[in-house]
Structures are given as C-alpha cells and as structure tokens.
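The sequence and structure come first.

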Amino acid sequence: MASSYTLLGISGSLRSQSTNTLLVHEAARAFQPQNFTLGSIRFPLFDQDHQDAHGVPDEVMALADQILAADAVVISTPEYNKNLSGSLKNALDWLSRTGKAPLKDRPVAILSAASGKAGGERAQYSLRHCLTPFFPRVLPGPEVTIAGAGNAFDEAGQLKDPKSFEFLEDLMQALKAETRA
C-alpha cells in the first residue's frame with residue numbers, strides 16, 4: 001500500500017460556518033492524506049437549457065477532475081427536511097453530465113452533521129441512494145453521524161467528543177484501505 005494519498009472532501013452545505021465542512025476537515029485530519037482538497041459545489045441550478053446553451057460549467061468540470069485525481073472521496077451531508085441538501089443533489093446532477101464518470105469505482109465515505117438527535121441518518125441514506133447510478137465504492141460503515149452539530153466542535157473546529165473522532169478515524173482507516181494508491 002502506498003504511503004501517500006490524495007483525499008477530496010465535499011461538504012453538502014454552502015454555509016460559511018458549516019458543521020459539515022468542519023466535519024470534512026476532521027475527516028481529513030483522521031485520514032492524514034499527503035494532499036487534501038475541499039471541492040466546491042457552488043454551481044448554478046441544473047437546467048438542460050443552460051447546458052444546451054453554455055455547456056457544462058467550468059466549476060463542475062473542475063470538481064469532476066478533482067474527483068478523478070483523488071484516491072478517495074469523503075462527502076458530508078447536512079439533513080434538510082429529512083433528506084440530503086439540494087445543493088449536494090444539484091452537484092450530483094451536474095456531475096452526471098460531465099461525460100467523465102468521475103465517481104465510478106471511486107472509494108467514497110459518507111458523513112453527516114445535523115442539529116437533530118439522529119445526526120443526519122436519513123440524509124446519509126438518501127445520499128447513498130443518489131450515488132447509486134454513479135457506481136462508486138461507498139463504504140458501508142462505520143456510520144459517522146454527528147448529532148447536535150452546533151455544539152459538537154470546539155473553537156479550533158475539532159470534534160469535542162473523543163468517541164465521535166474515534167468512529168471517524170475507524171471510517172477513515174477503512175477508506176484508506178479501499179484506495180487505489
């Protein structure tokens with residue numbers, strides 16, 4: 001197994017103080033990649049007319065290329081109305097239009113941070129479902145769900161609960177074992 005890895009993180013939240021973005025950074029800390037990139041999903045809403053007139057946006061193609069360059073991907077989703085975020089679903093819709101199949105056979109770990117006491121469990125299930133047509137190698141677990149996310153991180157952006165970080169480390173070790181590096 002190679003000693004250097006490239007990890008791409010995707011946060012399903014666009015909010016500047018997103019706990020899901022914090023969780024992706026915590027996953028990178030646990031994974032300890034040689035290279036880590038936080039991908040952006042700030043895309044226009046998918047619209048076939050837009051694609052027909054302008055093509056696939058450059059920022060979508062950039063994310064597809066980042067995914068293809070990564071050994072593994074970690075995605076953290078908030079839970080909005082018992083589902084994944086619209087921005088994350090929109091990103092997946094755009095990625096399906098790139099002609100590159102960037103997630104095919106790519107090792108992917110799913111995380112979630114949410115204010116509710118389930119920590120985004122339903123969002124994780126819906127994300128797994130939405131990833132199905134992309135044929136990634138989604139890890140089955142351990143599931144990392146951070147409940148009460150607004151109080152789960154310290155001032156440095158790290159998880160306060162050692163057990164939560166331990167579950168995250170276990171998931172990141174499993175992801176590392178699945179990489180092609």
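Which helix gives the largest share of the lining of the largest cavity? The largest share, four residues, comes from helix α4 (residues 86–95); helices (H or I, at least four residues) and strands (E, at least two) are DSSP runs, numbered from the N terminus.

## Basis of the model

This is a predicted model, in which local features need pLDDT of at least 70 and side-chain atom pairs count only at pLDDT 80 or more, while totals for chains, interfaces and linings use all residues. Residues are numbered from 1 along each chain as its sequence is written, and side-chain values use heavy atoms, with hydrogens and water left out.

## The cavity

One cavity of 30 Å³ or more is found in a search of the whole structure. A cavity here is a set of points, on a 1 Å grid over the protein atoms alone, where a 1.4 Å probe fits but cannot get out; lining residues have an atom within 4 Å of a point. The largest cavity holds about 50 Å³ of space, a volume being the space filled by probe spheres set on the points, which are joined across faces, edges and corners.

Its lining consists of Ile10, Ile41, Ile67, Ile75, Leu88, Ala91, Leu92, Leu95 and Leu103. By class, that makes nine nonpolar, no polar and no charged residues. Ala, Val, Leu, Ile, Met, Phe, Trp, Tyr, Cys and Pro count as nonpolar, Asp, Glu, Lys and Arg as charged, and the others, Gly among them, as polar.

## Salt bridges

There are six salt bridges in the structure, each a side-chain nitrogen of Lys or Arg within 4 Å of a carboxyl oxygen of Asp or Glu. One of them joins the side chains of arginine 29 and glutamate 26 (2.8 Å, N to O). Both residues lie in helix α1 (residues 19–31), three residues apart, about one turn of the helix. Arginine 29 is partly exposed at 35% relative accessible area, whereas glutamate 26 is buried at 2%; buried means under 20%, exposed over 50%, and partly exposed in between (1.4 Å probe, protein chains only).

In helix α6, glutamate 166 and lysine 163 are also three residues apart, about one turn of the helix, and their side chains meet in a salt bridge (3.3 Å, N to O). Glutamate 166 is partly exposed at 37%, and lysine 163 is partly exposed at 44%. Another bridge links glutamate 178 with arginine 137, the closest N and O atoms being 3.2 Å apart. Glutamate 178 belongs to helix α6 and arginine 137 to strand β5 (residues 137–138), so this pair ties together parts that are 41 residues apart in sequence. Asp105, Arg137 and Glu178 are linked in a network of salt bridges.

Is serine 11 buried or exposed? Serine 11, in strand β1 (residues 6–11), counts as buried because its relative accessibility is 6%. Its side chain makes a polar contact with the side chain of threonine 21 (2.9 Å). A polar contact is a pair of N or O atoms within 3.5 Å; within protein, one must be able to donate a hydrogen and the other to accept it, and residues adjacent in sequence count only if both atoms are side-chain atoms.

Aspartate 170 is found in helix α6 (residues 162–178) and is partly exposed at 40% relative accessibility. Aspartate 170 and leucine 92 are 78 residues apart in sequence and 26 Å apart in space, C-alpha to C-alpha.

Note on methods: On a 1 Å grid over the protein atoms alone, a cavity is a set of points where a 1.4 Å probe fits but cannot get out, and a pocket is an open set with protein on both sides within 12 Å along at least five of seven lines; lining residues have an atom within 4 Å of a point.
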